[in-house]
Amino acid sequence: MITGELKSQVDKIWDAFWTGGISNPLSVIEQFTYLLFIRRLDERQLLEEKKANMVGIPVKNIIFTAAQKELRWSSFKNKDPQSMFDLFTKPLVDEMTVFDHMKQVGTSAGVFAEFMSKANFIIATPRLLDQVVQLIDKINMNDRDTKGDLYEYMLSKIASAGTNGQFRTPRHIIKMMVDMTQPKKDDVICDPSSGTAGFLVAAGEYYQENHKDWFLDKDFRDHFNNEMFNGVEIDDTMIRIGAMNLQLHGIESPNLIKNDALSESAGAIRSKYSLILANPPFKGSLDYDAVENSLLKTVKSKKTELLFLALMLRMLKTGGRTAVIVPDGVLFGSSNAHKQIRKEIIEKHKLDAVISMPSGVFKPYAGVSTAVLFFTKTGTGGTDKVWFYDMTADGYSLDDKRNEIKDNDIPDLLNRYHNLAEEKDRARTDKSFLVPFDEIKNNDWDLSINRYKEIIYEEIEYAEPAAIIKDIETLDKDRNQALAALKELLG
């Protein structure tokens, strides 16, 4: 978690944008991202120059030529505000601005550069640019964790939905899903609605925290940096933010695709990934003509939350796993499409777990009730018993404030899920229990936990009506006496 001085520095940057006239949270984060990237370009060349000087050879990966010195962060940060602003807004060096150079650096600067063609510089005054540059320059960016936490804190400030209905998935919920799936050494991970890349970042952090020794293996490092992390995102702003988020967390070359994952043009992605982590759009509705045909064969629906489940089955390799957040309606919806996709997952593949989450998890962005589905693609069935867990607390208050509290089911949830052998004798009155395949089938593939959970109602004994009336009469008598005493005092 970001605390203390670093948190204060980020708050100052945010306030500077706000008072400077840029109040849209996504615009603030995007402009902040551009400046971070520009600083990063200079830092990368400084590192290359240092390596070259140590061994006495020319710099191999040249990002800035000698003539482009003034376009470098280490140069323009020391200029007066107007001169700095001119370098960002007028083509003074090699017929380029600082911003133009950032947009055309190509693959030498990493995957982020691929998504810069539509980027716009909207900082309108020399004073604001200088203020933000000086604030960013004071941040120590040498530590991977610091860079990642800084960016996560900026993302946490998104207080409204994005242009396509995105809302930020809480970081602790993402971590819970990653910890449950326990990414493997050879996994190829994808988020088909990647947004700010929170799931991919959390998966990368899982390896850093649990398997540091794997990074000693060159083959694993190559796989981690070039093949492991994949995302599909339709929104230009989101894909730029996601790419930078991944880079700041030490993932240099993620494979990000600018596309609508449900469209015909994305239909080539089949049986490619071994782990999918996602929180796809809930409330979207598409025309059949806009949806890739194979998805409609799996589930005949216009609802994005159902189509994404079909998409994940198509994208997964056999044996691949998915952890996906869905609205509660997916669990018990009575339409043919709802039943069709549930039957597909349960009968033809292997449904592992259903976690029911409290409705406040996504506040203040949304109050929708949600669940997490965990399933494995088999193509031959395999669902024997499905594990259900009734999460009632996630460590934060379930109101708009989302303050941290003591009640938290997540540690218990993880412990139970990774010890399923001990779950077989759990009563249906417990927080978790197993439900056999046949029972789910007989309930029309209903996955609502309330369908299977047993609730014990405590008998409440009330006093006899005559006794209650007597108590009321006593209260009335006392009230009248008090009122009479008050009148006497005032009279």
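1. Two strands count as paired if DSSP finds at least two bridges between them. In this predicted model, strand E8 (residues 385-390) and strand E11 (residues 432-436) run antiparallel and are joined by five bridges.

2. E8 and E11 belong to an open sheet of nine strands, in the order E3-E2-E1-E4-E5-E7-E6-E8-E11. The pairing in this sheet is mixed. Strand E3 (255-258) and E11 are at the edges with a single partner strand each, so one side of each has no neighbour in the sheet. From one strand to the next, the twist averages 15°.

3. Four of the five residues of E11 are buried, so the strand is largely enclosed by the rest of the structure.

4. Elsewhere in the sheet, strand E4 (residues 273-278) and strand E5 (residues 316-327) run parallel, with five bridges joining them. Alanine 278 has valine 324, in E5, as its bridge partner.

5. Two helices that pack on the sheet deserve a look. Helix H8 (residues 171-181) touches E4, E5, strand E6 (350-357), strand E7 (370-376) and E8, and its direction makes about 150° with that of E5. Helix H11 (236-248) touches strand E2 (229-233) and E3, and its direction makes about 175° with that of E3.

6. Nonpolar side chains tend to be buried together in soluble globular proteins. The largest nonpolar core in this model has 53 residues, and those with the most contacts inside it are Phe32, Leu35, Leu36, Phe76, Phe88, Leu129 and Tyr151. Elements that give two or more residues to this core include helix H1 (4-19), helix H2 (25-55), helix H7 (144-156) and H11. The largest share comes from H2, with 10 residues.

7. What does leucine 129 touch, leaving out residues up to four places away in sequence? Leucine 129 touches Leu35, Met84, Phe85, Phe88, Phe121 and Ile123.

8. Glutamate 95 has a phi of about 55° and is found in the loop between helices H4 and H5. Glutamate 95 is exposed, with a relative accessible area of 73%. Aspartate 444 has a phi of about 60° and lies in the loop between helix H17 (437-442) and helix H18 (449-452). Aspartate 444 is partly exposed, with a relative accessible area of 37%.

Conventions: Residues numbered from 1 in each chain as written. Predicted model: local features only at pLDDT ≥ 70, side-chain atom pairs only at ≥ 80, totals over all residues. Heavy atoms only, no water. Buried < 20%, exposed > 50% of the residue type's maximum accessible area, 1.4 Å probe, protein only. Core = buried A, V, L, I, M, F, W, Y, C linked by side-chain atoms within 4.5 Å. Contact = heavy atoms within 4.5 Å. Axes fitted to C-alpha atoms, helices over the stretch in contact; angles between N-to-C directions.
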